[in-house]
Amino acid sequence: MKEALKLLGGIAAAALLVRLHLKEKKRAGSLRGYGESLLGIRESGMERLEYLDQLRFLAAILVVLVHGMEGAAGKLAESQAASSDSSFPALWYFLTGLSGVGLCCNLLFVMISGALLLPFRQESPGNFYRKRFGKVVIPLVLYYFFYLRRSGLFSMNPESVLSAVKTVISGPMELVPHFWLVYVLVGLYVAVPFLRYLVKELPCQMAAAMAAVVLFGTGIRCGLYLAGTGFGFDSFLFSWTGIFLFGYVLAVLPEGKWERWMIAGGIVSAAVIFWMFCFREDGAAAAANDSPFMILTAGAVFLLFRKGEKKRRLKGKASFGRRLIQIGSRYSYSILLIHWFMLFVVAENHLHLGPDLFGGRFVLAGMMIQVLAALAFSLLFAVIFDQTAVKLALWIWEKIWEGLGRIRAAFQPPIP
């Protein structure tokens, strides 16, 4: 009986998906238009800040690359320990330091979100939460369920579903350590409808002052940490909220000499991060995430892409490179969610693609093949999964929201 119900449910879901995609094809007007809509391809004349697409694409690549470099550096460290040699090879320093600098990808995701979401628009909190829940939380839950299913921790019965929901609410576990960033973003999104009103009338001079306070506060805290002292005068500006606002400031401030100083500071900070990750055991605690070094590094990358926006903007149809960036940007969030599985389970464990693919002398080549394979598999899986499971869940979510709207309207008194 259960198997028959599962079969009927699967047939109904498949039929509904076919119907949804046929409707989308009809709206697109042609098969090509439907395919471009599915992949997120747009013509260059459309109103959109393309540098944010490029930054999002870069951040998705860096996420996979950083985890690949960390894995390769770990393999080198294991080999060195097995040989009883206390010195590390130059490649270990290169991979370790570069992976530290690459962690600016986490801040880029937060800054991009701030730049996109904080500019003021007339939107009720309920409508904003509905959209964010659909775009962020529903995919998170489904991808989390996928990881749990693949690990044998989830099955289609009430007890297992309830346990999985509790796991998702509890936050990331060892199975999905990279999900921590998504939970940070969701927490930031809660404040967006109200932060918009706070920054609506914020003059550029005050916005720049706020960014300076973020850097000053995180700098003081980091300096005291390096000196072995705690910092009791903390503020929400010295955390991910400050970085969120920092991204907004970088996007709205007019061009000026301050950009050169920010980029120069970012270059110096990247060098400091590289050194700290290589030569300090607490390098990640001192220089990663909400440290001033990482904020400056991510800010410099952000500005370099913003400054090059006009130079990269072309007329006419999008080139292959631009189309690839648009596709990568469209599915960057899903790549962030699934890359861990593709990098370590599919590429490394199943296909045996990894740092030791060509032997100890060619660790870098093996790692790059692993990363490229993980990126390709992540994108392919993201397109398929998002256009099936996620699409179906979003349709259900929208129908539930519409139903709640009708119920609310039915109980409202008529307007005289």
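A pocket is taken here as an open set of grid points where a 1.4 Å probe fits, with protein on both sides within 12 Å along at least five of seven lines. In this predicted model, the largest pocket holds about 1600 Å³ of space. Its lining is made up of 48 residues, and Lys131, Arg132, Gly134, Lys135 and Arg330 lie nearest the centre. By class, that lining comprises 21 charged, 18 nonpolar and nine polar residues.

Of its 22 lining residues, Leu142, Phe145, Met156, Ala389 and Leu392 are the closest to the centre. Helix 1 (2-28), helix 6 (125-150) and helix 17 (363-411) each give two or more residues to this lining, which contains 18 nonpolar, two polar and two charged residues.

Turning to charged pairs, the whole structure contains 15 salt bridges. In one of them, arginine 196 pairs with glutamate 123, with 2.8 Å between the closest N and O atoms. Arginine 196 belongs to helix 8 and glutamate 123 to the loop between helix 5 and helix 6, so this bridge ties together parts 73 residues apart in sequence. Both of these residues are buried.

A second bridge joins aspartate 290 and arginine 221 at 3.1 Å, N to O. It links the loop between helix 12 and helix 13 to helix 9, across 69 residues. Aspartate 290 is partly exposed, at 21% relative accessible area.

Within helix 17, glutamate 402 and arginine 406 sit four residues apart, about one turn of the helix, and they form a salt bridge at 4.0 Å. Here glutamate 402 is partly exposed (34%), while arginine 406 is exposed (58%). Elsewhere, shared partners connect Arg32, Glu36 and Arg323 into one salt-bridge network.

Technical notes
Residues are numbered from 1 along each chain as its sequence is written. This is a predicted model: local features need pLDDT of at least 70, side-chain atom pairs count only at pLDDT 80 or more; totals for chains, interfaces and linings use all residues. Side-chain values use heavy atoms; hydrogens and water are left out. On a 1 Å grid over the protein atoms alone, a cavity is a set of points where a 1.4 Å probe fits but cannot get out, and a pocket is an open set with protein on both sides within 12 Å along at least five of seven lines; lining residues have an atom within 4 Å of a point. Grid points are joined across faces, edges and corners, and a volume is the space filled by probe spheres set on the points. Ala, Val, Leu, Ile, Met, Phe, Trp, Tyr, Cys and Pro count as nonpolar, Asp, Glu, Lys and Arg as charged, and the others, Gly among them, as polar. A salt bridge is a side-chain nitrogen of Lys or Arg within 4 Å of a carboxyl oxygen of Asp or Glu. Buried means under 20% relative accessible area, exposed over 50%, partly exposed in between (1.4 Å probe, protein chains only).
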